[in-house]
Amino acid sequence: MRNELIAANWKMNLHRSEAVGLARACRTMAATGRNGREVLIAPPYPYLAAVREALEGSPVLLAGQDVSQYAEGAYTSQVSAEMLVDVGCRYTLAGHSERREHSGDSDDVVAAKMRRAFDCGLNVILCVGEKEAERDRGEERSVVRRQIDAALGAVSREEAAGRLVVAYEPVWAIGTGRTATSADAQEMHAFLRGVLAGRYDTGLAEEIRILYGGSVKPANAAELLGANDIDGVLVGGASLDAESFNAIFAA
Ligand code: PEP
């Protein structure tokens, strides 16, 4: 039985007081314990400590939006896995398409970030997804398989068990208002589960949560979450508003 995970990626949004207010709202929301659903927040780095404080004693999980592939040193602007752990994160995202697109995170860099995160005790939400042109060419399966194979090449079965979450986020659906249909998303999630079964085994693949991300809103959340292989959602824009995030959580 996979507990659904409702994850918020705040990206580079909000001011400190807004972040704290939203974290408090998420705390209240999570306390209702809807169907055992877990809630996770990935705030901008400068607000991690304030959000952690606002979440003290609550089950809401804290995550980095990214992690450095390096342990320490002269890497201006980067944040290490140790620092994320130190500030209270249990998770980090890796391979978000905005990192791949705007910051040049290659498959190899994503793999190195996964390695650092697992070595430091973080759980990882690995983001994969095809671009529109790749889907138009019918390459969506080969693209996500390549991303998974590269990122998990050095991740053992023991590390993946209970610590790996995959987020399928078709790039053409992120922040665009376009969402994959629940049938299309389900098909890709089932495919991804098969890829995970091939890499590890069927038992573990059945345990790994696969989230859907890409313009998830209150209006489409219930249908997406109702699909067999969709084990939660990764929400960008709609997570910035307490009411809409709450409606997704309660969908
Ligand atoms: C995301 O950033 O992971 C995302 C899915 O964003 P949005 O919900 O805004 O499409």
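Setting aside neighbours within four places in sequence, Arg193 is in contact (heavy atoms within 4.5 Å) with Arg2, Ala205, Glu206, Ile208, Ile210, Asp229 and Asp231. Arg193 sits in helix H9, residues 182-199; helices (H or I, at least four residues) and strands (E, at least two) are DSSP runs, numbered from the N terminus. With a relative accessible area of 4%, Arg193 is buried, a word that means under 20% (1.4 Å probe, protein chains only).

This is a predicted model, in which local features need pLDDT of at least 70 and side-chain atom pairs count only at pLDDT 80 or more, while totals for chains, interfaces and linings use all residues. Residues are numbered from 1 along each chain as its sequence is written, and side-chain values use heavy atoms, leaving out hydrogens and water.

Now to the barrel. Eight strands, S1-S2-S3-S4-S5-S6-S7-S8, form a closed barrel with parallel pairing; two strands pair if DSSP finds at least two bridges between them. Neighbouring strands of this sheet are turned by 25° against each other on average, direction ignored. Strands S6 (residues 164-168) and S7 (residues 209-213) pair in the parallel sense over four bridges. Ile210, one of the contacts of Arg193, is the bridge partner of Val166 in S7.

| Helix | Lies across | Angle |
|---|---|---|
| H5 (residues 107-119) | S4 (91-94), S5 (123-128), S6 | about 165° to S5 |
| H12 (residues 242-249) | S1 (5-9), S2 (38-42), S8 (232-235) | about 155° to S1 |

How values were computed: Buried means under 20% relative accessible area, exposed over 50%, partly exposed in between (1.4 Å probe, protein chains only). Axes are lines fitted to C-alpha atoms, for helices over the stretch in contact, and angles run from 0 to 180 degrees between N-to-C directions.
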